[in-house]
2 protein chains.
Amino acid sequence: MSKHICNCEHCQHKLCAKNVPIFSLLDPEEIEKVVSLIVRRKYSKGEIIVLEGSSLGSLVIINKGRVKAFRHTYEGKEQILYIFSEGDFFGEKNLIINQKATYTVEALEDTNICMISKNDFQILLKEYPAISYKVMEELCNRLIRLENAVESMSIKNVEARISSVLLEFANKYGKPHSKGILVELPLSREGIANYIGLTRETVSRKMSLLQDEGIIEMVGNKKVIIVDKEALEDSINH
Amino acid sequence: MSKHICNCEHCQHKLCAKNVPIFSLLDPEEIEKVVSLIVRRKYSKGEIIVLEGSSLGSLVIINKGRVKAFRHTYEGKEQILYIFSEGDFFGEKNLIINQKATYTVEALEDTNICMISKNDFQILLKEYPAISYKVMEELCNRLIRLENAVESMSIKNVEARISSVLLEFANKYGKPHSKGILVELPLSREGIANYIGLTRETVSRKMSLLQDEGIIEMVGNKKVIIVDKEALEDSINH
DNA sequence: CGACTTTTTGAAATGATTCAAATGATGTGG
DNA sequence: CCACATCATTTGAATCATTTCAAAAAGTCG
């Protein structure tokens with residue numbers, strides 16, 4: 001990981017763009033150009049950044065914070081599709097295929113974003129093919145994530161779905177801890193339920209079960225320690 | 001739709017590549033170059049084209065026929081992720097992020113494919129940015145399809161899921177008919193079940209129900225007439 | 001036409017959901 | 001820093017829909 005020059009309060013130093021995966025192949029001069037096109041904005045926890053069905057007309061890149069992307073089903077439930085954090089982007093569907101937002105995006109915590117207008121981004125894509133390549137990479141990764149989600153949701157074994165999600169969070173947000181891996185959950189029980197298509201009660205019951213088995217340990221409502229990662233992995237494949 | 005010069009038995013005339021969406025922005029000269037890189041192959045119904053976990057090392061474009069892309073869950077069930085037909089491609093994950101196949105691909109009928117090696121395709125991407133753009137477009141569409149699938153699978157109302165799939169098939173494969181839209185189903189009842197995460201018995205029961213309501217009419221096992229498309233659409237949103 | 005495969009239908013079992021209540025966590029103001 | 005009010009989580013019991021297993025009916029193909 002290369003050191004970057006950034007000690008400003010809101011990460012406004014130009015070289016920050018270097019840390020955004022889709023711009024990572026650009027050289028400093030090109031980064032400068034990208035940075036000149038960026039508009040910054042801040043959102044507080046709970047604020048809506050994009051509403052399903054609207055057309056934002058910009059690519060949004062997360063600079064700091066976490067957001068959830070979800071849809072409201074007609075039944076009133078929300079289905080969470082993605083959790084985006086630093087370096088992730090969204091709004092690409094509007095830029096690439098002129099499609100209105102397929103999900104609502106809401107800040108899970110205080111969040112800073114960078115926006116590049118449709119026009120500017122299309123120019124960038126043409127000028128720097130390396131960006132296209134990086135975007136394709138990320139779209140592929142997102143496809144894999146959704147393919148896994150579809151498989152996971154077709155699985156009858158609900159415990160395996162919970163294990164999957166806990167491992168996903170552990171890989172993304174986990175930190176070493178004396179008892180295992182400490183994970184700050186980005187979502188409440190209800191959020192987790194909406195992420196994997198269950199009810200909050202079921203999530204609660206199954207997580208308690210995993211705790212009884214000594215596989216995880218809950219620390220308050222917002223943290224979990226993965227005590228036995230292997231057991232968690234095993235419980236997915238049966 | 002521009003007329004193309006093609007009267008050969010297996011569509012081997014060069015200009016056929018013009019009909020592949022990702023090459024559609026290229027001019028005749030460029031198409032020629034692409035065509036020179038293509039290796040053709042045929043598969044019979046039921047044959048495996050790619051096995052999950054293998055690395056094919058080529059982009060595969062379907063020239064004629066239909067295939068299903070699926071995974072085996074540990075429970076032994078198969079989860080179908082995509083049905084690809086003429087003009088669709090797969091194998092892009094290996095080329096773009098060096099990822100082994102995330103699904104098995106099997107021919108649903110006799111199928112002709114075109115293959116372009118990883119190396120050649122990467123050269124094409126660099127040389128013709130228009131291809132990158134088209135690939136991104138298609139990846140976006142695939143994301144939308146999977147996002148819909150995830151939402152659909154989290155919905156409790158099973159009848160709505162069946163209606164969704166029937167409409168999807170109607171849009172892709174439907175033909176006008178005196179009673180409505182005649183659809184040649186690409187999948188058996190069991191296949192449909194594996195596509196939307198249900199059992200074949202449930203699919204059977206719910207389709208019979210739709211028939212009793214006069215919304216569809218089954219013609220043997222492999223065809224369905226959508227009699228009342230609006231009612232089908234309504235049943236999704238409630 | 002006849003053998004085989006696929007689909008349909010029936011009845012019982014299973015497991016998540018629902019609704020309700022209790023317990024536990026969190027954050028605020030005194 | 002504690003007490004209280006609020007919100008989230010857990011737990012319990014009944015319900016409901018899909019699954020499962022089994023058998024009959026219908027469709028397909030040589």
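This short talk covers the nonpolar core, the interface between chain A and chain B, and the salt bridges of the structure shown above.

Good morning. Please keep in mind throughout that we are looking at a predicted model.

I begin with the interior. As a general matter, nonpolar side chains in soluble globular proteins tend to be buried together. In this model, the largest nonpolar core comprises 94 residues. The residues with the most contacts inside that core are A:F23, A:F90 and A:F121, together with B:F23, B:F90 and B:F121. Among the contributing elements, helix α4 of chain A, residues 129-154, gives the most, with 11 residues.

A:F90 deserves a moment of its own. Which residues does A:F90 touch, once its neighbours within four places in sequence are left aside? The list is A:I49, A:V50, A:S58, A:L59, A:V60, A:I62, A:V67, A:F84, A:Y103 and A:V105.

I turn now to the interface. Between chain A and chain B an area of about 4,000 Å² is buried, and carbon and sulfur atoms give 69% of that area. In chain A, the residues that lose the most area to chain B are A:Y74, A:M136 and A:E147, which together account for 17% of what that side buries. As for residue counts, chain A brings 46 residues to the contact and chain B brings 46 residues.

The polar side of this interface can be counted as well. Across the interface there are 20 residue pairs in polar contact, both partners being at pLDDT 80 or more. On the side of chain A that touches chain B, the elements giving two or more residues are strands β4 (66-72) and β5 (78-85) and helices α2 (92-97), α3 (118-127) and α4. Helix α4 of chain A gives the most to that side, with 19 residues. By class, the side of chain A that touches chain B holds 22 nonpolar, 14 polar and 10 charged residues.

Next, the salt bridges. Over all chains, the search of the whole structure finds 22 of them, and 6 salt bridges cross the interface of chain A and chain B.

What partners does A:E147 have in chain B? One is B:R71, whose side chain meets that of A:E147 with N to O at 3.4 Å. Another is B:K93, where the closest N and O atoms are 3.0 Å apart. Because B:K93 lies in helix α2 (residues 92-97) of chain B and A:E147 in helix α4 of chain A, this pair joins two chains. A:E147 has 0% relative accessibility and therefore counts as buried. B:K93, at 5% relative accessibility, also counts as buried.

Two further salt bridges lie within single helices. In helix α4 of chain A, A:E138 and A:R142 are 4 residues apart, about one turn of the helix. Their closest N and O atoms are 3.2 Å apart. Is A:R142 buried or exposed? It counts as buried, because its relative accessibility is 3% and the limit for that class is under 20%.

In chain B, the side chains of B:E137 and B:K134 meet in a salt bridge at 3.3 Å, N to O. Both residues lie in helix α4 of chain B, residues 129-154, and are 3 residues apart, about one turn of the helix. With 18% relative accessibility, B:K134 counts as buried. Finally, A:R71, A:K93, B:E147 and B:E151 are joined into one network by salt bridges that share partners.

Thank you for your attention.

Definitions and conventions. Residues are numbered from 1 along each chain as its sequence is written. Chains are lettered from A and ligands numbered from 1 in the order in which they are written. This is a predicted model: local features need pLDDT of at least 70, side-chain atom pairs count only at pLDDT 80 or more; totals for chains, interfaces and linings use all residues. Side-chain values use heavy atoms; hydrogens and water are left out. A nonpolar core is a set of buried Ala, Val, Leu, Ile, Met, Phe, Trp, Tyr and Cys residues joined through side-chain atoms within 4.5 Å. Buried means under 20% relative accessible area, exposed over 50%, partly exposed in between (1.4 Å probe, protein chains only). Contact means heavy atoms within 4.5 Å. Buried area is the accessible area (1.4 Å probe) that two parts lose on being put together, summed over both. A salt bridge is a side-chain nitrogen of Lys or Arg within 4 Å of a carboxyl oxygen of Asp or Glu. A polar contact is a pair of N or O atoms within 3.5 Å; within protein, one must be able to donate a hydrogen and the other to accept it, and residues adjacent in sequence count only if both atoms are side-chain atoms. Ala, Val, Leu, Ile, Met, Phe, Trp, Tyr, Cys and Pro count as nonpolar, Asp, Glu, Lys and Arg as charged, and the others, Gly among them, as polar.
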